[in-house]
Amino acid sequence: MTRSIQRSMCAGMLTLQAVVLFLAGLVMTGVTDLGFAASFGIGLGLAVLCLLAAGMLGRRGGYALGWGVQVVSVALGLVVPMMFFLGAVFGALWAASYFLGARIDREKAERAVLEERYRAEHGDAPEAG
């Protein structure tokens, strides 16, 4: 069984987002009235949530958790206004990974069916070119 393109793309986005959210937590220490422990905890917690979502993408609720992470990332803009922008960027990247990955997986499956049909009709593999 091959891993889906959608799952790989979404997991990659969540992993990159984990790094950004962790660093955002460190930045919150200096630009908000939150203490170090709260800022660090928020950043670390969100990073762990991203990694948890990335690991759950093959299971029930994994993609829903990924969408939830996107909402929380944008909402973090209420604490650090720059996160409205970064949350929107990662939300767009997540959406692109989700929808384009699904489309690529669907087209790969269609191609596999067509190639199998060709082999059944012609008895050999299609020529490269």
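Visitor: Let's start with Gln17. Which helix does Gln17 lie in?
Guide: Gln17 is in helix 1, which covers residues 5–31. Keep in mind that this is a predicted model.

Visitor: Buried or exposed, that Gln17?
Guide: Buried: the relative accessible area of Gln17 is 2%, and the cut-off for buried is under 20%.

Visitor: And what is Gln17 in contact with, leaving aside its neighbours within four places in sequence?
Guide: With those set aside, Gln17 has contacts to Cys50, Val69, Gln70, Ser73 and Phe90.

Visitor: Staying in helix 1, where is Met9 on the accessibility scale?
Guide: Met9, also a helix 1 residue, has 29% relative accessibility and counts as partly exposed.

Visitor: Which residues is Met9 in contact with, beyond its sequence neighbours within four places?
Guide: Those are Ala96, Ser97, Gly101 and Ile104. There is a C-alpha distance to go with that: Met9 and Leu100 are 91 residues apart along the chain, with 9.0 Å between their C-alpha atoms.

Visitor: What about Ile5, what does Ile5 touch?
Guide: Not counting residues up to four places away in sequence, Ile5 touches Gly101, Ile104, Asp105 and Lys108. Ile5 lies in helix 1 and is partly exposed, at 27% relative accessibility.

Visitor: How far is Ile5 from Leu78, C-alpha to C-alpha?
Guide: The separation is 33 Å, for two residues 73 apart along the chain.

Visitor: Let's change topic to rings. How many aromatic pairs are there?
Guide: The count comes to nine aromatic pairs. Take Tyr63 and Trp94: their ring centres are 6.4 Å apart and their planes meet at 45°, so this pair is tilted.

Visitor: Why tilted?
Guide: Because the plane angle of 45° falls between the cut-offs, with stacked meaning under 30 degrees and edge-to-face over 60.

Visitor: Which helices do Tyr63 and Trp94 lie in?
Guide: Tyr63 is in helix 3 (residues 62–75) and Trp94 is in helix 4 (residues 82–122), so the pair ties together parts 31 residues apart in sequence. Both Tyr63 and Trp94 are buried.

Visitor: How do Trp67 and Phe99 come out on accessibility?
Guide: Trp67 counts as partly exposed at 31% relative accessibility, whereas Phe99 is exposed, with a relative accessible area of 52%.

Visitor: Which residues form the aromatic cluster?
Guide: Tyr63, Trp67, Trp94, Tyr98 and Phe99 form one cluster.

Visitor: Now helix 2. Where is Ile42, and what is it in contact with?
Guide: Ile42 sits in helix 2, residues 36–55. Leaving aside neighbours within four places in sequence, Ile42 is in contact with Met28, Leu34 and Leu76. At 29% relative accessibility, Ile42 is partly exposed.

Visitor: What is the radius of gyration?
Guide: The protein has 20 Å, while a compact globule of 129 residues would be near 14 Å. The C-alpha atoms fill a box of roughly 70 × 25 × 20 Å along the principal axes.

Visitor: How much of the protein is buried, and what is its accessible surface?
Guide: Buried residues make up 30% of the 129 residues. The accessible surface is about 8000 Å², with 68% of that belonging to carbon and sulfur atoms.

Technical notes: Residues numbered from 1 in each chain as written. Predicted model: local features only at pLDDT ≥ 70, side-chain atom pairs only at ≥ 80, totals over all residues. Heavy atoms only, no water. Rg over C-alpha atoms; globule rule 2.2 N^0.38 Å. Buried < 20%, exposed > 50% of the residue type's maximum accessible area, 1.4 Å probe, protein only. Areas by Shrake-Rupley, 256 points an atom, 1.4 Å probe, with all protein chains shown as cover. Phe/Tyr/Trp six-rings, centres within 6.5 Å; stacked < 30°, edge-to-face > 60°. Helix = DSSP H or I, 4+ residues; strand = E, 2+ residues; numbered from the N terminus. Contact = heavy atoms within 4.5 Å.
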